[in-house]
Amino acid sequence: CLVCNSLTKHAHLSVLICRACKIFYNRTERRKRPLICRSNRMKCRNVPRCKKCRYEKIDRLVRGIDESEMEEKEECTKRPSSSTRTSTSSSSSIDDSPVQNCTVPKSAPFLCIDSLDSRLCLLEQVRFSYRTMSISRRAAEMSTLHAGRHPMFSFYHEYPLKPATITSMNLALRILTTTIFDFAATVFEEFSELSMLDKWYLVKNFFHSFWTLESAFRVFTLFPHLQNFHFTSLTTYLNDDAAAEFMDLAPRTPRAKDDTKCLLRSFLRGDTRIGREAVRKAAISEEEFLALLVLCFWNVENTTNDDSLISLGVFYRMKVMKELQEFYKRQGNEEDCAKRIGEIMGLVVVLESLASSMPMNLELFRLLNVFDDNTTLYQMTKSGVPNGFNEVESGISGRQLMT
């Protein structure tokens, strides 16, 4: 329970709270006499013991009010009116302008470099596989997207950055799709035993959540000062300036380039910002990012009826949850463990929602003839199996297929 930390098998009032807190909340709603805070400050450390604080916390959860936003509002009310006006004007200027006096760095470092506690077996395996995946993506993107750059200038712990185009994004996402297969086979030993159909389903189901989460986490960790910024791959990005040059191919219609720029900027201010803000508010650590990779990969209950995949998903989610609890315990945050896990699961819901809206967004690009049927990002939203699937499923080698 996010309020009293007691164990609960079910969510109540559409929030992760226990039945006792639900009953308390409903009774308090009918109460005529006002509640009084034990500390008179509405900030009791032991929330369950204070009826007023307990009720207010449940009420915020039910209404979907973020506690960090409440604190920010309280701080704003304490400031002088002139500073408030200044902060308001500056925040609005950030929203309206592309990137305010922020230069995009020419390179970026790898994430998840340091080894984790040996007791976090699954998370350490995810970290190692994600690091290997990043190195493979960098090598492939360097040879295709940065062909003019000498290898000696590509340091082991960094990689160059450049604005994305349709061509570069298509190539980079094909590389990403391939490395996701390797990542899954390394982390989850059962993945190699699945049929090609199940493997493709899991990778495709994971693709958009991973694409959104990784970009948001990298921006939050590396470049938190940048506005309207999205990593389209390990070494390419989109921002307001890059959106104008995204169409490196000949436009199929006279207004295609302008329409594409408008759609991309809308995407940067819409879904991209939602994902980034969710990660920022949760302020996830590297360990939690790695756990989210597992949770998103096995988030399959709402999209499949395959009992074997669902049972595997339950197994790995339970395993990563236990390691998260162990991690919080060793960090000294055992009391807030339930609340933190609730925030992580809430982030999974946000990513799932953004992934479900991706097909509609990409269809707009398809209708404008910006993307075609062979664009990787568009293909990942379509149902069915890719071309050549039956031959691969039958075990025919790549050389035989070429013949």
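**View 1. Cysteines without a disulfide.** Searching the whole structure turns up zero disulfides, a disulfide being a pair of cysteine sulfur atoms within 2.5 Å. This is a predicted model, in which local features need pLDDT of at least 70 and side-chain atom pairs count only at pLDDT 80 or more, while totals for chains, interfaces and linings use all residues. Residues are numbered from 1 along each chain as its sequence is written, and side-chain values use heavy atoms, with hydrogens and water left out. Cys 18 is buried, with a relative accessible area of 5% (buried means under 20% relative accessible area, exposed over 50%, partly exposed in between, using a 1.4 Å probe and protein chains only). Cys 44 is buried too, at 15%.

**View 2. A stacked pair of rings.** The whole structure holds 22 aromatic pairs. Here Trp 298 and Tyr 316 are stacked, with 5.6 Å from centre to centre and 10 degrees between the planes. Helices are DSSP runs (H or I, at least four residues), numbered from the N terminus. Are these two residues buried or exposed? Both Trp 298 and Tyr 316 are buried.

View 3. Side chains of opposite charge can pair when their charged atoms come close. There are 10 salt bridges in the count, each a side-chain nitrogen of Lys or Arg within 4 Å of a carboxyl oxygen of Asp or Glu. Arg 127 and Glu 124 form one of them, at 2.9 Å from N to O. Both lie in helix 5 (residues 121-145), three residues apart, about one turn of the helix. Arg 127 is buried, at 5% relative accessibility.

**View 4. A salt bridge between two helices.** Asp 240 and Arg 265 meet at 3.7 Å, N to O. This pair links distant parts of the chain, with Asp 240 in helix 8 (residues 240-243) and Arg 265 in helix 9 (residues 256-269). Asp 240 is buried at 0% relative accessibility, whereas Arg 265 is partly exposed at 27%. Together with Arg 269, they are linked in a network of salt bridges.

Terms used. Phe/Tyr/Trp six-rings, centres within 6.5 Å; stacked < 30°, edge-to-face > 60°.
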